[in-house]
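Please take a moment with the sequence and the model before reading on.

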Amino acid sequence: MISDLELVARVTSSNDKAAFQLLVERHQSAIRGFLRRLLTGDYGTADDLAQETFLMAFRKLQSLKSGGSFVAWLHSIAYRQFLQHVRKHAREQVVAEPPDQTHDPRNAADAEILVQRLLGFVSPEERACMTLAYSVGMSHPEIGDVTGFPIGTVKSHIQRGKQKLQRWLEDHDHYIPKNIPETGAGLATEARSA
């Protein structure tokens, strides 16, 4: 299998659109998932921002540092697209609705819905750091690279977000079992055990 960096080299050296298409196919699901979490389940906007992310990545591919992580670089573009969207639509901000008590978090689909709704109760910065840590699996330094936050700030955003989610879950008597399948529910479980 050809590595991401080899594909990037093909695109930058000979404008190989097929190589870029492979990069898109490889990473579109992760980028869409990241943006859906940041947008607390707004799939249409997340898909639009994902498309903008890949367009921007194609235009700016020359700026990727030699040997740098393509995945982290791509997530940083997606994060900036998200921030631009938030700034543009700040006045239209909608307050998150509490999760429905009928959701069964053991069901992967219900767990994903629950996580997306719960993430609406934390700040966009906390949401980004938590999603990159628990859903994408990035380290604190990688999250710092993506968001531009110092490592201490990344840790603070994750900790504060977990505390907010834990407090919300306790205040609303939501039970999140410890044996949830590894989907987005990892965030809710992590918040519960904080």
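Axes here are lines fitted to C-alpha atoms, for helices over the stretch in contact, and the angles between them run from 0 to 180 degrees between N-to-C directions. With that in hand, and keeping in mind that this is a predicted model, one can begin with helix 7 (residues 140–147) and helix 8 (residues 151–171), whose axes come within 9 Å and cross at roughly 100°. Angles of 65 to 115 degrees count as roughly perpendicular, and helix 7 and helix 8 are therefore roughly perpendicular to each other. On the side of helix 7 the contact involves His140, Pro141, Ile143, Gly144 and Thr147, which meet Ile151, Val154, Lys155 and Ile158 in helix 8. Sorted by class, the residues of this contact between helix 7 and helix 8 comprise five nonpolar, three polar and one charged.

A second pair is formed by helix 2 (residues 17–38) and helix 4 (residues 70–88), which pack at an angle of about 40° with their axes 10 Å apart. Helix 2 and helix 4 are therefore oblique to each other, and helix 2 passes helix 4 in a right-handed crossing. From helix 2, the residues Leu23, His27, Ala30, Ile31, Phe34, Leu35 and Leu38 take part, and they meet Phe70, Val71, Leu74, His75, Ala78, Tyr79 and Phe82 in helix 4. The residues of this contact of helix 2 with helix 4 are 12 nonpolar and two polar, with no charged residue among them.

Helix 4 also meets helix 6 (residues 124–136), and here the axes come within 12 Å and cross at roughly 150°. Helix 4 and helix 6 are therefore roughly antiparallel to each other, and helix 4 passes helix 6 in a right-handed crossing. His75, Tyr79 and Phe82 of helix 4 make this contact with Pro124, Glu125, Arg127, Ala128, Leu132 and Val136 of helix 6. By class, the residues where helix 4 meets helix 6 divide into six nonpolar, one polar and two charged.

What space is left beside these elements? Rolling a probe the size of a water molecule over the atoms shows where empty space is left. In this model, the second largest pocket holds about 180 Å³ of space, and the residues that line this pocket are Ser63, Leu64, Lys65, Gly68, Ser69, Ala72, Trp73, Ser76 and Asp145.

Conventions
Residues are numbered from 1 along each chain as its sequence is written. This is a predicted model: local features need pLDDT of at least 70, side-chain atom pairs count only at pLDDT 80 or more; totals for chains, interfaces and linings use all residues. Side-chain values use heavy atoms; hydrogens and water are left out. Helices (H or I, at least four residues) and strands (E, at least two) are DSSP runs, numbered from the N terminus. Angles under 35 degrees count as roughly parallel, over 145 as roughly antiparallel, 65 to 115 as roughly perpendicular and the rest as oblique. A crossing is left-handed if the near helix is turned anticlockwise from the far one by less than a right angle, and right-handed if clockwise. Contact means heavy atoms within 4.5 Å. Ala, Val, Leu, Ile, Met, Phe, Trp, Tyr, Cys and Pro count as nonpolar, Asp, Glu, Lys and Arg as charged, and the others, Gly among them, as polar. On a 1 Å grid over the protein atoms alone, a cavity is a set of points where a 1.4 Å probe fits but cannot get out, and a pocket is an open set with protein on both sides within 12 Å along at least five of seven lines; lining residues have an atom within 4 Å of a point. Grid points are joined across faces, edges and corners, and a volume is the space filled by probe spheres set on the points.
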